[in-house]
Structure formats: C-alpha cells, structure tokens
Amino acid sequence: MEKKNSSMGAGFSTILWCVLAVLVVALMGSGCAGLMKPRIHRVAEDVFFVEVEEFTLTNAKVQELDNASGGKVVVLQDDTSRAEVTVQLSKGNYRVTVYALGPSGEEDAFYLTVGEQWEERLYPFSTGEILPAQDVSLTQQADGPCKIVIRFAEPNVQLDRVEFKRVP
Ligand SMILES: [Ca+2]
C-alpha cells in the first residue's frame, strides 16, 4: 500500500514536472515572439526605421543585397507569407513608408496593414532599385504598440525597411 502510494506520488510529480516544462517552453516561446522589440534606427528626431529582416517572418526568405539597409532584404514566398512587427509609438500622426525593390512591374506589389487600418496594396515608385512605396498615414491615438503586417501580393518583391516619419 505504502509502496503503491509512493509510486503514484512519483508518477504525479513526473507529470507535474512535464506540465511545468511545457509551460516554461511555451512562455519562453511566446515571450520571444511577443516581447522581442525590433531595433529602432533613428535617422532624425522625427524619423526612424525598422529592418524588415528583423520582423517576425512566416514563409519568407532573407537575402543579402549590397545596397539594402542592413545589407539584407526579405522575399515573401507565397500567399501564406507574412512579415510582421510591433513598434511602440508615441501618440501622434505618422507617415509609414515601406522601401522595397520590385524587379519588374509584375513583381513589385505587396499588401500593408498599419495598426487597425485597412490593408492597402502598394508597390515602389519604380522597378529595379530600392525605392519607397506610397506612404500610409497613421494616427496613433495613445502612446503604445502599433502592429505592421506585410503580406504577399506578387513574387520576388524584395522588402528592405519600414520608415516612420512623425508629422504635424
Ligand atoms: Ca533591410
């Protein structure tokens, strides 16, 4: 009887340890995804950018590119691909601009969602070099997080960086 109890106890504590281990791994995993802050590259008092290669990437490839900011760009592979990041913004108005290289007119479009706003289909102003796409206006209602999501629209688009410019 005593023996049975102690083996049950051992089994129970083993289960507890397993549950604990799973929880720790899950928490660490979500912590890395949720709390990891992108590096902010400030270029002026009211302008900074984040590298797309430092976003959380799903089904996307990081490539080296000499002229790119940080020497790297991201290529989304297909409809399931996305690049997302959460930045902390002070309350205010911003223009958000994605810099990207589209090899051709059929390989330059992507979808951008800024905060709670509608998703927009964008593309750089021209092809063959890293150029800004149309900027998106954002009003950040309070100091806090703003999520940026870039999704696949056309193949081979090379996404370099996302710039935030504070505007009046
Ligand atoms: Ca880059």
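1. Two strands are taken as paired if DSSP finds at least two bridges between them. Helices (H or I, at least four residues) and strands (E, at least two) are DSSP runs, numbered from the N terminus. With that in hand, strand 3 and strand 6 pair in the antiparallel sense over three bridges, and Leu 57 sits opposite Ala 83 in strand 6.

2. A word on the source: this is a predicted model, where local features need pLDDT of at least 70, side-chain atom pairs count only at pLDDT 80 or more, and totals for chains, interfaces and linings use all residues. Residues are numbered from 1 along each chain as its sequence is written.

3. An open sheet of five strands runs in the order 3-6-12-8-9, with antiparallel pairing. Strand 3 (56-58) and strand 9 (120-122) are at the edges with a single partner strand each, so one side of each has no neighbour in the sheet. From one strand to the next, the twist averages 25° (axes are lines fitted to C-alpha atoms, and angles run from 0 to 180 degrees between N-to-C directions).

4. Now the core, a set of buried Ala, Val, Leu, Ile, Met, Phe, Trp, Tyr and Cys residues joined through C-beta atoms within 7 Å. Buried means that 20 or more other C-beta atoms, placed from the backbone, lie within 10 Å of a residue's own. The largest nonpolar core has 34 residues, and Val 74, Ala 83 and Leu 159 are among those with the most contacts inside it. Strand 7 gives the most to this core, six residues.

Definitions and conventions
A residue is buried if 20 or more other C-beta atoms lie within 10 Å of its own, exposed if 12 or fewer, and partly exposed in between; C-beta atoms are placed from the backbone.
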